[in-house]
Amino acid sequence: MAGGAEPEPRPPLVSLVLPVHNQGDHIRAIVESYVAGLALLPLRYELILVVNGSSDGSLEACRELEARREAVRVIELDERGWGRSVRAGLASAEGDLLCFTNSARTTREILTLMLAYALAYPEVVLKANRRIRESRRRRLGSLLYNIECRALFDLSAWDINGTPKIFPRSFDRLLSLTRDDDLLDCEFNVVCRRHGYPMIEVPILATERQGGRSTTNFSSALRMYAGAWSIWRETRAAP
């Protein structure tokens, strides 16, 4: 309208992808806490719950949330896998800003802090750099893996697996990740490095798990060490 005030721009849409594996006893509380935190930020949002290979009541709990919350959508996968779940969620996401995180280790406070940074810096990749309260053995294993990935791929990130990870849709190479397993986070960092996507790491103090049990053990750690070498060989062979 001539002489009228400019219409207010719509706030950005954030797609939050949450892989869910055997979290039926606590996923409702986590999602409700996220909803409360998201309401404090100037954004629109969708919550995509990707239930993968669960053998408990995770799917039923997520379907209940979907029925009660308009912003919640559920994707069901028969097979488990962190990377498989993240990729399925991102493929379905409609947001301007895309985010995925390990819900069992991400509190409402951490999520809202990271998203506040993302709103302030919408043209960079934002990821958590966790200060982990874990056993010495687990800290050492994580340190060795991070050093390996930094050395192989010339990465600047100190916490390869740290989540939340948030990026703008315009960084479309991150929508073509291929890994189905835990090595998706390594691939994510490598793609950012290869295509020059600027990255900011936000230091956070990781807390105890909000529920469930970690699936990381000695065998999975060895697979990740070997998997990083496999990705390095693939990148060397790529044109």
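This is a short chat about a predicted model of one protein structure.

Trainee: Which strand does β2 pair with, and in what sense?
Mentor: Strand β2, residues 44–52, pairs with strand β3, residues 72–77, in the parallel sense. Six bridges link the two.

Trainee: How does the chain get from β2 to β3?
Mentor: The path runs through helix α2, residues 58–68. This β-α-β crossover is right-handed.

Trainee: What stands opposite Asn52?
Mentor: Leu77 in β3 does.

Trainee: Where is Ala71?
Mentor: Ala71 sits in the loop between α2 and β3. The C-alpha atoms of Ala71 and Leu47 are 6.0 Å apart, although 24 residues separate them along the chain.

Trainee: Why is Ala71 called partly exposed?
Mentor: Because its relative accessible area is 22%, and buried would mean under 20%.

Trainee: Which residues form the nonpolar patch on the surface?
Mentor: Leu140, Leu143, Leu144, Ile147 and Trp158 form that patch. Together they have about 480 Å² of accessible area.

Trainee: Where is Trp158 placed?
Mentor: Trp158 lies in the loop between helix α5, residues 136–153, and strand β6, residues 165–168.

Trainee: Why isn't Trp158 simply "exposed"?
Mentor: Because its relative accessible area is 46%, while exposed means over 50%. Trp158 therefore counts as partly exposed.

Conventions: Residues numbered from 1 in each chain as written. Predicted model: local features only at pLDDT ≥ 70, side-chain atom pairs only at ≥ 80, totals over all residues. Heavy atoms only, no water. Patch = residues over 30% accessible without salt bridge, like charges linked within 9 Å, V, L, I, M, F, W, Y side chains within 5 Å. Areas by Shrake-Rupley, 256 points an atom, 1.4 Å probe, with all protein chains shown as cover. Salt bridge = Lys/Arg side-chain N within 4 Å of Asp/Glu carboxyl O. Helix = DSSP H or I, 4+ residues; strand = E, 2+ residues; numbered from the N terminus. Buried < 20%, exposed > 50% of the residue type's maximum accessible area, 1.4 Å probe, protein only. Pairing = 2+ DSSP bridges. Right-handed = clockwise from strand over helix to strand, strands pointing away.
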